[in-house]
Amino acid sequence: YVRLPDRDAVHLLEGDLRAQVSRGLEAWRDRTIVAVDTARAAELEVVRGGDAYTLVRSDSTWSFADGGVVEESVVRGILTELARLSAAGFLAEGDSVAGLPEAASTTVRSASGDELARVSFGAGESGRWARSSERPYLYRVTTFRVDRVAPERETVAPGG
C-alpha cells in the first residue's frame with residue numbers, strides 16, 4: 001500500500017514495486033478525456049474541416065438529422081470511444097502541436113438537448129491535441145482516435 005504525503009488516499013500496488021516507483025508524474029495522471037453515458041446520447045454533432053453534420057437517435061437506431069441512413073458500425077465506434085476516451089499523453093501550452101488550429105469536434109447531447117460532452121481536436125498529421133468541455137487539460141491523441149470520434153461525413157454514410 002502506498003500513500004502520498006499529505007494525502008488521505010491509499011493505493012494498492014501489485015507486482016514489481018520498483019517499476020511503479022520509477023514511473024514519472026505523467027504516467028500517474030488520469031488520461032480520461034471524456035466519459036459519456038452513451039445510453040443518454042440522443043444527438044451527435046460532428047464538425048470536421050469545413051463540413052458539419054448531426055446524427056440523431058430514434059429509439060435504438062441512428063440517422064442523419066435530415067433522415068439519411070448511417071453506417072451503424074461507424075456510429076457504434078463513435079459511441080464506444082466517447083464512453084471512455086483516453087489520451088496518449090498530455091501537452092504543454094507551448095508545445096508546437098498545441099499551437100495548431102482546431103480541425104474537428106464532436107458534441108454529444110441528451111434527448112432534452114443538454115450537452116453531455118464536447119471534444120475538440122487540433123489539426124495535424126499524426127500527434128494531435130484534444131480538449132474536453134469536462135476537463136481543463138490539453139491532451140495528446142492519435143489521428144486514429146480523431147477519425148473514430150469525429151469521422152468525415154463520407155465515412156458515416158453507407159458505402160462511404
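**View 1. Strand order in the open sheet of eight strands.** The strands follow the order S4-S3-S2-S7-S8-S9-S10-S6, with antiparallel pairing. Strands are DSSP runs (E, at least two residues), numbered from the N terminus, and two of them pair if DSSP finds at least two bridges between them.

**View 2. The antiparallel pair of S7 and S8.** Strand S7 (residues 102-109) is joined to strand S8 (residues 115-122) by seven bridges.

**View 3. Burial of S8.** Six of the eight residues of S8 are buried, leaving the strand mostly covered; buried denotes under 20% relative accessible area (1.4 Å probe, protein chains only).

**View 4. The antiparallel pair of S8 and S9.** Three bridges connect S8 to strand S9 (residues 128-132). Phe121 stands opposite Ala130 in S9. The hairpin of S8 and S9 has five residues between its strands, and Gly124 takes a positive phi near 150 degrees.

**Notes on the model.** Residues are numbered from 1 along each chain as its sequence is written, and side-chain values use heavy atoms, with hydrogens and water left out. In this predicted model, local features need pLDDT of at least 70 and side-chain atom pairs count only at pLDDT 80 or more, whereas totals for chains, interfaces and linings use all residues.

Definitions and conventions
Helix = DSSP H or I, 4+ residues; strand = E, 2+ residues; numbered from the N terminus. Buried < 20%, exposed > 50% of the residue type's maximum accessible area, 1.4 Å probe, protein only.
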